[in-house]
Amino acid sequence: DFDKLIANFNLCVVLRKNSEKDAVVSNLKKISEKNPDLKIKILPEVWSEVSSSKIRDEINKTGTSKLIHPDVLNFIKDNILY
């Protein structure tokens, strides 16, 4: 429920590609026009080998993942996230 989320939280958007920033800003303007109190922060693209798909694949194949901290792995397992 997007309306409840933005009523209670700020929005942080991490770009997948810095080249897409103009399109993202354009879309966020539409959201902020409807929700003037919403605080929005845009963060630049940060390259990382870690992706949820890679983590999920490793966990499904081996039961573990070297891409994440052991505490995060335990949280994933405890909460049956993948």
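Let's start at Ile-55, which lies in helix 3 (residues 52–62); helices here are DSSP runs of H or I with at least four residues, strands are runs of E with at least two, and both are numbered from the N terminus. At 7% relative accessibility, Ile-55 counts as buried, where buried means under 20% relative accessible area, exposed means over 50%, and partly exposed falls in between (1.4 Å probe, protein chains only). Ile-55 and Cys-12 are 43 residues apart along the chain, and their C-alpha atoms are separated by 23 Å.

A word on the ground rules before we go on. This is a predicted model, in which local features need pLDDT of at least 70 and side-chain atom pairs count only at pLDDT 80 or more, while totals for chains, interfaces and linings use all residues. Residues are numbered from 1 along each chain as its sequence is written, and side-chain values use heavy atoms, with hydrogens and water left out.

Now step back to the whole protein. It has four helices and two strands, and along the sequence these follow the pattern α-β-α-β-α-α. The C-alpha trace spans about 45 × 30 × 15 Å along its principal axes. The radius of gyration is 17 Å, whereas a compact globule of 82 residues would have one near 12 Å; the value is taken over C-alpha atoms, and the globule rule is 2.2 Å times the number of residues to the power 0.38. Of the 82 residues, 15% are buried.

Strand 1 (residues 11–14) and strand 2 (residues 40–43) run parallel and are joined by four bridges; strands pair if DSSP finds at least two bridges between them. Val-13 has Ile-42 as its bridge partner in strand 2. From strand 1 the chain crosses through helix 2 (residues 21–34) to strand 2, a β-α-β crossover that is right-handed: with the strands pointing away from the viewer, the path from the first strand over the helix to the second runs clockwise.

Finally, look at the two ends of our tour. Asp-1 forms a salt bridge with Lys-4, with the closest N and O atoms 4.0 Å apart; the term requires a side-chain nitrogen of Lys or Arg within 4 Å of a carboxyl oxygen of Asp or Glu. By this rule the count comes to one salt bridge. Asp-1 is exposed at 62% relative accessibility, and Lys-4 is exposed too, at 56%. Elsewhere, Tyr-82 sits in the segment after helix 4 (70–78) and is partly exposed, with a relative accessible area of 35%.
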